[in-house]
Amino acid sequence: FAERLIRHDQSSYAINFAIEIHMTFEKLGLSESLLRAVAHSGYTQPTPIQIQAIPAILSGGDVMAAAQTGTGKTAGFVLPMLQQLGPHTRVTSGKVRALILTPTRELAAQVHKSILTYGKHENLLSAVVFGGVNINPQLKQLRRGVDLLVATPGRLLDLYQQRAIGFDEIELLVLDEADRMLDMGFIRDIRSILAVLP
Ligand code: AMP
């Protein structure tokens with residue numbers, strides 16, 4: 001029933017509310033280990049953006065989502081990504097399976113923290129890279145490959161040009177706060193990154 005409502009009208013407040021009062025994380029289709037991590041975070045109900053985004057991402061669709069700050073967008077994409085990537089790492093050395101681009105190092109660090117929190121039972125490898133700090137530890141860290149990489153666009157390009165990371169096994173791409181990335185003039189970097197993704 002909820003799925004049909006989501007398909008038929010994504011913008012009506014009344015319908016969102018009707019879904020919200022009956023919705024649980026279990027019903028969104030998340031795995032048992034992710035549900036445990038969610039429960040440990042103290043969340044009892046998914047937020048409206050999570051109700052709409054999680055099933056769409058789990059079903060393999062492309063999603064564009066917008067919601068105000070503080071409404072749970074990060075968990076809305078991190079949880080289904082962790083599930084898509086599976087409970088155990090399958091990454092090849094020097095490769096990345098899921099790439100999350102963010103406009104600032106603060107946001108990158110925050111998103112990576114969410115990955116560690118929600119993904120603590122998943123046995124996946126993750127890393128965060130951004131500019132303004134020594135690149136050498138990042139080069140070393142990426143050598144073994146990572147399932148999830150959070151990055152700011154400029155530093156990611158540097159690392160790619162130094163052959164620290166290969167994108168041919170990419171399964172998932174997220175542009176977090178895409179509007180802000182455009183405001184900050186990242187369009188050229190983002191285009192250059194998209195151009196080298198399969
Ligand atoms: P975000 O909008 O992703 O920055 O998330 C804002 C805050 O909401 C973060 O502190 C999250 O830990 C928290 N949060 C995310 N999802 C939920 C939820 N379903 N219930 C309660 N809090 C949540």
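**Ligand shell and helix packing**

Modeller: A polar side-chain atom of Gln50 lies 2.8 Å from a nitrogen atom of the ligand. This is a predicted model, where local features need pLDDT of at least 70, side-chain atom pairs count only at pLDDT 80 or more, and totals for chains, interfaces and linings use all residues. Residues are numbered from 1 along each chain as its sequence is written, and side-chain values use heavy atoms, with hydrogens and water left out.

Colleague: Which residues are around the ligand?

Modeller: Among them are Phe25, Tyr43, Pro46 and Thr74; a residue is near a molecule if one of its heavy atoms lies within 4 Å of it. The shell divides into three nonpolar, seven polar and one charged, where Ala, Val, Leu, Ile, Met, Phe, Trp, Tyr, Cys and Pro count as nonpolar, Asp, Glu, Lys and Arg as charged, and the others, Gly among them, as polar.

Colleague: Happy with that! Now the helices: why is H4 called roughly parallel to H5?

Modeller: H4 (residues 48-58) and H5 (residues 73-85) pack at about 25°, with axes 9 Å apart. Angles under 35 degrees count as roughly parallel, over 145 as roughly antiparallel, 65 to 115 as roughly perpendicular and the rest as oblique, so H4 is roughly parallel to H5.

Colleague: And what makes H5 oblique to H6?

Modeller: The axes of H5 and H6 (residues 105-118) come within 10 Å and cross at roughly 50°, which makes H5 oblique to H6.

Colleague: Why are H8 and H10 oblique to each other?

Modeller: H8 (residues 153-161) and H10 (residues 187-195) pack at about 40°, their axes 9 Å apart, and are therefore oblique.

Methods
Polar contact = N/O pair within 3.5 Å; in protein donor to acceptor, adjacent residues only side chain to side chain. Axes fitted to C-alpha atoms, helices over the stretch in contact; angles between N-to-C directions. Helix = DSSP H or I, 4+ residues; strand = E, 2+ residues; numbered from the N terminus.
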